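Good morning, and thank you for coming.

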Amino acid sequence: MTLMNRINFYSINLTNRLTELPDAFYQKVEPQAIDQPEIVSSNKKLAESLGLTEDNLKSEAFLDILACKQLPENACSLATVYSGHQFGQYNPQLGDGRALLIGEIQTANGFTELQLKGSGMTPFSRMGDGRAVLRSTIREYLGQEAMHGLKIPTTRSLAMATSKTPVYRETVETAATLIRTAESFIRFGHFEYFFYTKQTEYLQTLLDFVVDHYYPEMKETATPYADFFLEVVKRTAKLIAAWQAYGFCHGVMNTDNLSILGLTLDYGPFAFMDDFDLGHICNHSDTTGRYAFNQQINIGLWNLNALAHSLSPFIDEENLRFALQQYEPTFHAHYQALMAQKLGLTDWATSDSKAFSQHLGLLLSQLNQQKTDYTLFFRELSKGAMDKNSVIDFTQFKPWLEVYHQHQDDKPMDAMLSVNPKFILRNHLSQQAIDAAKLGDFSVVNDLLKILQSPFDEHNTLDRFAEPPEDKDKHLPISCSS
Ligand code: AMP
Ligand code: MG
């Protein structure tokens, strides 16, 4: 048994490396308690990897954190300042408006920050109340774990709690809280803040902090800052390639929602697509389609340009340009590789990438035209079944399939099933979890958590969650109001 297993959660050993930074980076804030808190779901798998036991999760001290009532003895409780480009416009003052850093847990695998979201107002709350409503907390809680289940870099969910505290949105709702984790929650926007406020010394402090703690391998090179930025470019390109390969639409790719570590961050009006639609806009508030599914690739580069601008005092133009030029080839190579695996065409993709690419393009335009369910198409294709009862009408793809079968890898099935999920977090499933939760039933949240953590497995008793939505449930409006 590790030491952590035996200690009381109030005295859990937390480190706070962010407090090494000067006061200009954050403000200390006390969380504001919620009424009648109840932990309704916790993530045992993640807890275990952090050295926490079920007893820890059930302890009063753990509930007190989610209740925003009392933090562990050596917690730090701070909100950081950042800014960012929101829908293309620079917003000079953002920051953690409803989340507090509590501290880091150190394990053999490194440091993991714990952030408490929905903890009440901070100096960065602007017009907001510092709270998160139940529906958006459920979506983020499940979204993070669904992404992790798909092996895509992301922040994660440790536990969530409900309360009776009223929260006013379009109607009266109730507040919920979430403990989310990441190696770091630092965003592109943190760098933009110190650049645009001309606090160049602090900008360098931040740069050094991030390189020292999260990119230590860059310290050994001749140009650490330039190499760090190049790595951020590559991680971002790979992240977005994975989103595109799995039909994920983030919905609010503002620079303040982009992680400096290349993690999927800030799950708001996101969606995993049902019917494939290249121009899909998942965010009801995105009236111009700036963050449409097929725009995400360009927006990733746009955001990296914004970051490059903020790093320009410390990295020369030539190196910034060079790094940015690596975005497209990195995206392309990673996307092609993922799609080749999904299709079981890895040999063809390696031997004749041009022909593979054309064949993939043909498929995507056909999926788009026919608005085929994206996830099920690949899952059914993996089974090689294509039976008459399949929800996918494979007869429509006959000419494409004829060429496809000529190039398939040798015995591709197991490999394909291990990359094409049976389950994704469809919007109608989140909605089912939310509807049940509003009636006090968290079994759907917990069932979904279980299948989404291993979405490539069969989970036969929970088959109903693999079904596509009925037409009426296909376009549920999801907005930023969370
Ligand atoms: P988001 O679009 O959710 O990433 O949020 C953008 C900014 O608004 C961030 O600085 C958030 O902390 C802040 N924010 C969003 N909702 C609230 C809220 N209810 N109360 C306080 N701040 C909020
Ligand atoms: Mg955000």
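Which residues coordinate the magnesium ion, ligand 2? They are N257, through OD1, and D266, through OD, at 2.0 to 2.1 Å. Donors here are N, O and S atoms within 2.8 Å of the metal (3.2 Å for Na, K and Ca), and water is not among the atoms, so sites may look incomplete.

Before going on, a word on the basis: this is a predicted model, in which local features need pLDDT of at least 70 and side-chain atom pairs count only at pLDDT 80 or more, while totals for chains, interfaces and linings use all residues. Residues are numbered from 1 along each chain as written, chains are lettered from A and ligands numbered from 1 in written order, and side-chain values use heavy atoms, without hydrogens and water.

Are the two coordinating residues buried or exposed? N257 has 10% relative accessibility and therefore counts as buried; D266, with a relative accessible area of 14%, is buried too. Buried means under 20% relative accessible area, exposed over 50%, and partly exposed in between, with a 1.4 Å probe and protein chains only.

I turn to ligand 1. A nitrogen atom of ligand 1 is 2.8 Å from a polar backbone atom of G130, and a nitrogen atom of the ligand is 3.1 Å from an N or O atom in the D129 side chain.

Notes: Polar contact = N/O pair within 3.5 Å; in protein donor to acceptor, adjacent residues only side chain to side chain.
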